Amino acid sequence: MEEEVRICTHCGEILAEYEGTTVDDDLLCDDCVDELCTTCDHCRDTIWTEECVTDGHTYLCRECFNNHYRRCERCDNIIHDDNICWHNDLHYCCSCYDDIDDDDEIEDYSYKPDPVFYGDGKRYLGVELKFDCCSKDDDNASTLKEIANARHEHIYIKSDGSIDDGFEVVSHPMSLDYHMNKMDWETLLKKAINTGYRSHQTSTCGLHIHVNRNAFGDNRRCHNMVEISKSLPKKIFHLP
Ligand SMILES: [Zn+2]
Ligand SMILES: [Zn+2]
Ligand SMILES: [Zn+2]
């Protein structure tokens, strides 16, 4: 009776009957396993290091990764499905999620929500007002939002690279009447000034007013958004 010779498919070493590890369709000696393989942290199978999914801490076979894990959107670390923190349909590890939560009140500069129109009429004005000279502070942003958004989602707050120590307050489009009588600009601006923010007495700040295009009639050459000179908004908002 002829005995089957067992050979390491990688280095050719002859293996005893009890020796060797099967990886996919290959039989490997212990040295080759040490050199070429790793252990899946989930199913404990021996897998090719070259084909494993890893972030440098966790090593997984592709099947376990696909079935039970994801990568954090921010740091790319591998996280088990049970430990994922969801935010806006994106998944994060817990520590990245905490970071996101910290600056939740101040949106990224590119943030552009669907506009909500307040008031009646044909002409809607959206205000972008930069605040500087205090701090890019989440609590301050939150306080200002609470004042302005007490009844409706009137404003949002974004970070702006051109501001040293502050942020930009952006209103949803509102009729002039709504700005003057319903939107509480006065309390908002007083609070901002008392907190230490400044707007027009700085070199970094400006005020933009955006107006919807059809407020100007059917002239196709009009730009989508039009900036009005600074005199009008000063009249409207009694800026300091
Ligand atoms: Zn070998
Ligand atoms: Zn596995
Ligand atoms: Zn992360």
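These are my notebook entries on one predicted model.

**Ground rules.** I number residues from 1 along each chain as its sequence is written, and chains are lettered from A and ligands numbered from 1 in the order in which they are written. The model is predicted, so I take local features at pLDDT of at least 70 and side-chain atom pairs only at pLDDT 80 or more, while totals for chains, interfaces and linings use all residues.

**Whole chain.** I looked up the secondary structure and found seven helices and 16 strands. Helices (H or I, at least four residues) and strands (E, at least two) are DSSP runs, numbered from the N terminus. The chain has 240 residues, and 22% of them count as buried. I call a residue buried if 20 or more other C-beta atoms lie within 10 Å of its own, exposed if 12 or fewer, and partly exposed in between, with C-beta atoms placed from the backbone. I then checked contacts, meaning pairs whose C-beta atoms, placed from the backbone, lie within 7 Å. Of the contacts between residues at least 6 apart in sequence, 51% join residues at least 24 apart.

**Helix α6.** I noted W185, L188, L189 and A192 as the buried residues of α6. They line one face of the helix, because seen down its axis they fall within an arc of 90°. The arc is taken from the directions from the helix axis to the C-beta atoms. On the face turned away from the buried side I found the exposed residues E186, T187 and N194. Is T187 buried or exposed? T187 is exposed, because 12 other C-beta atoms lie within 10 Å. T187 lies 7.3 Å from I147, C-alpha to C-alpha, though the two are 40 residues apart in sequence. After α6 (residues 185–195) comes G196, with a positive phi near 125°.

**Strand β13.** I looked at residues 125–131 and found five of the seven buried, so the strand is largely enclosed by the rest of the structure. Strands pair if DSSP finds at least two bridges between them. β13 pairs with β16 (residues 207–211) in the antiparallel sense over five bridges, and G126 stands opposite H210. Four bridges join β13 to β15 (residues 167–171), also antiparallel, and there E128 has V170 as its bridge partner.

**Y69.** I found Y69 in strand β9 (residues 69–71). Y69 counts as buried because it has 20 C-beta neighbours inside 10 Å. Leaving out residues up to four places away in sequence, Y69 touches L60, C64, I78, I79, H80 and D81. I also noted D82, 13 residues from Y69 in sequence and 8.5 Å away in space, C-alpha to C-alpha.

Definitions and conventions:
Two residues are in contact if their C-beta atoms, placed from the backbone, lie within 7 Å.
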